[in-house]
Amino acid sequence: MNRFSHFIALTVSTLFGASLLTTALFSTGASAKELAYVANEKDDTISVIDMDTLTVINTFEVGDRPRGIEISKDQTQLYICASESDTVQVFDLDSGQIVGELPSGEDPELFALHPDGKRLYIANEDDALMTVVNIPDASVITQVEVGVEPEGVAVSPDGKLAIITSETSNMAHWIDTETNTMVHNTLVDARPRYAEFSPDGKQLWVSAEIGGTVSVIDTDSKAIIKKINFAPKGVHKDKVQPVGVKLSQDGSTAFVALGPANHVAVVNTKTLEVEDYLLVGRRVWQMAFNAEQDRLLATNGVSGDVSVIDVPNRKVIKTIKVGRYPWGVAVREVN
């Protein structure tokens, strides 16, 4: 509780009695409101979801084929990979307007924001490049040659390493962010689509869509610790195509979107074993936590909706209809 909330609570208690203390605490210490943003790649729009009511409250037109999205460190802007517009758009979250563009290279699909909030690492699928952009002055710092059809991008929690996965080369490329040079390649299974560091930075998780696995990689040695396989009940193995991966901040649990298998897998990060499968919409793609990490949103491309997962109870509690082919998703706190 902040000092102002404490003062108000004590004043209410003194003047009106302890019975109103709980009400005062609740009203002054309430958590910030949250909004979720969903990129609809076939509609060229962003849907806005109120996380309290779990309803769509607004829709904004953006560039052609929006896919990867991420919120700025100060929570005021949304960066949008407008893939077929060959740019990263800067969307002002308060005004609901596109206020700028960042030079992304051709066909940006996914990116990762450096912990300093000033650099973007962007996958250019058609050119086998990673573009590094300085956000404050909207300039290209450099472009790094990588494998064929790069897509997944991640930056380590300490900001020292950037990862980009190449779908055709079947590799995770390790790039030193100080020198912007490639320092290692780790071979994974077919068509790696997404990369995610563990919160402590000690592991890298890479999904392989065609291989049907997630490789858990030791950050120091760059060696694979384990390849996780998935087998949701009643689903043919050819439909098990892992894409998005999200790890809880406490490091205990990983969630893996299994694409056309229409399930999200729940993995114990200590044992690296699958503990549960959650049925969601058709062709589940990407995911995002809210701030408290008690809700996880999963975008379902073919069914055109978002599944809301109750994380503690491992249960889908609502399906929210959005635009056509929802792809990326991000959650913002609103003061």
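Two strands count as paired if DSSP finds at least two bridges between them, and strands themselves are DSSP E runs of at least two residues, numbered from the N terminus. With that settled, R295 sits opposite D310 in strand 26. Keep in mind that this is a predicted model, where local features need pLDDT of at least 70, side-chain atom pairs count only at pLDDT 80 or more, and totals for chains, interfaces and linings use all residues. Residues are numbered from 1 along each chain as its sequence is written, and side-chain values use heavy atoms, with hydrogens and water left out.

**Around strand 25**
- On one hand, strand 25 pairs antiparallel with strand 24 (residues 284-289) over four bridges, with M287 opposite A298.
- That hairpin has five residues between its strands, and Q293 in the turn shows a positive phi of about 60 degrees.
- Strand 25 also pairs antiparallel with strand 26 (residues 305-310), over six bridges.
- Here the hairpin has four residues between the strands, and G304 in the turn has a positive phi of about 65 degrees.

- Four strands make an open, antiparallel sheet in the order 4-5-6-7.
- Its edges are strand 4 (66-71) and strand 7 (97-102), each pairing on one side only.
- Strand 5 (residues 77-82) and strand 6 (residues 87-92) pair antiparallel over six bridges, and C81 has V88 in strand 6 as its bridge partner.
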